[in-house]
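This report describes selected features of a single protein model.

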Amino acid sequence: MRDSQSPCVVDANVLIDLHKGRLLADLWRLQCRVIVPDVIAAELIDPDGTRLAEVGLEVHDFSGDQVLEVTRLRLRFNQVSTNDLFALVLAKELQAILLTGDRHLRQIADQEGVAVHGTLWVLDELVQLRIIDPHQASTAMERMLDQGRRLPLTECEQRFRLWKEKEIDQ
């Protein structure tokens, strides 16, 4: 990841994935500022957006110009939610990494020149930075999958194998 002041704009599905995997608190241990649009914080119930703001989630309000940009993108890209477009606009403006699991939003972010990663990348970072060990990552990913979180199965299987090998080496 980048330096400790680097912003990461996170959409709801990544926050929910990490919550289901019991790793949400570890997100703040990465070397970044964790930021969400106000509309995403407001929609979060489990985990609760207000509670997350109390423990360090930065909630960003939008100017009229930013709302107009979301509206402009909405006309071009109707396959993603308006809230996800708020995340995209914020990430673009802050020159931040966008963390999302939404395939369509990832494609749009690429088109718009925004760096984009997902939940599995977060897990990789947590392991690489030794915030969690490979066994914890595997367990968290199993919890996510068991609770119906939509992660790319082929990539999950690759990580299960890789992390199992790392466990054996340790």
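## Helix α9

In this predicted model, helix α9 covers residues 134–146, a run of 13 residues. The distance from its first C-alpha to its last is 18 Å, close to the 18 Å expected at 1.5 Å a residue. Buried residues in α9 are Pro134, Ala137, Ser138, Ala140, Met141 and Met144. Viewed down the axis of α9, these buried residues lie within an arc of 165°, so they line one face of the helix.

At the start of α9, a side-chain oxygen of Asp133 comes to within 3.0 Å of the backbone nitrogen of His135. After α9 comes Gly148, which has a positive phi, near 80°.

## The largest pocket

The volume of the largest pocket is about 560 Å³. Its lining is made up of 24 residues, of which Asn13, Gly101, Asp102, Arg103 and Arg150 are the closest to the pocket centre.

At least two residues each are supplied by α1 (12–20), α6 (82–94), α7 (103–111) and α8 (119–128). Helix α1 provides the largest share, with four residues. By residue class, the lining of the largest pocket holds ten charged, eight polar and six nonpolar residues.

As background to the angles below, most residues other than glycine have a negative phi, and most peptide bonds are trans. Two arginines have a positive phi. For Arg22, phi is near 65°, and the residue is placed in the loop between α1 and α2 (24–27). Arg22 has a relative accessible area of 64% and is therefore exposed, the cut-off for that class being over 50%. For Arg130, phi is near 60°, and its position is in the loop between α8 and α9. Arg130 also counts as exposed, because its relative accessibility is 75%.

A cis peptide bond is found between Asp46 and Pro47, with omega at about 15°. Pro47 belongs to the loop between α3 and α4.

Glu43 is part of helix α3, which comprises residues 38–43. Its relative accessible area of 39% makes Glu43 partly exposed. Between Glu43 and Gly64, which are 21 residues apart along the chain, the C-alpha separation is 20 Å.

Arg51 lies in helix α4, formed by residues 49–54. With a relative accessibility of 46%, Arg51 is classed as partly exposed, because that class runs between the limits of 20% and 50%. Arg51 and Leu90 are 39 residues apart in sequence, and their C-alpha atoms are 21 Å apart in space.

How values were computed:
Residues are numbered from 1 along each chain as its sequence is written. This is a predicted model: local features need pLDDT of at least 70, side-chain atom pairs count only at pLDDT 80 or more; totals for chains, interfaces and linings use all residues. Side-chain values use heavy atoms; hydrogens and water are left out. The expected span of a helix is 1.5 Å times one less than its number of residues. Buried means under 20% relative accessible area, exposed over 50%, partly exposed in between (1.4 Å probe, protein chains only). The arc is that of the directions from the helix axis to the C-beta atoms. A polar contact is a pair of N or O atoms within 3.5 Å; within protein, one must be able to donate a hydrogen and the other to accept it, and residues adjacent in sequence count only if both atoms are side-chain atoms. On a 1 Å grid over the protein atoms alone, a cavity is a set of points where a 1.4 Å probe fits but cannot get out, and a pocket is an open set with protein on both sides within 12 Å along at least five of seven lines; lining residues have an atom within 4 Å of a point. Grid points are joined across faces, edges and corners, and a volume is the space filled by probe spheres set on the points. Ala, Val, Leu, Ile, Met, Phe, Trp, Tyr, Cys and Pro count as nonpolar, Asp, Glu, Lys and Arg as charged, and the others, Gly among them, as polar.
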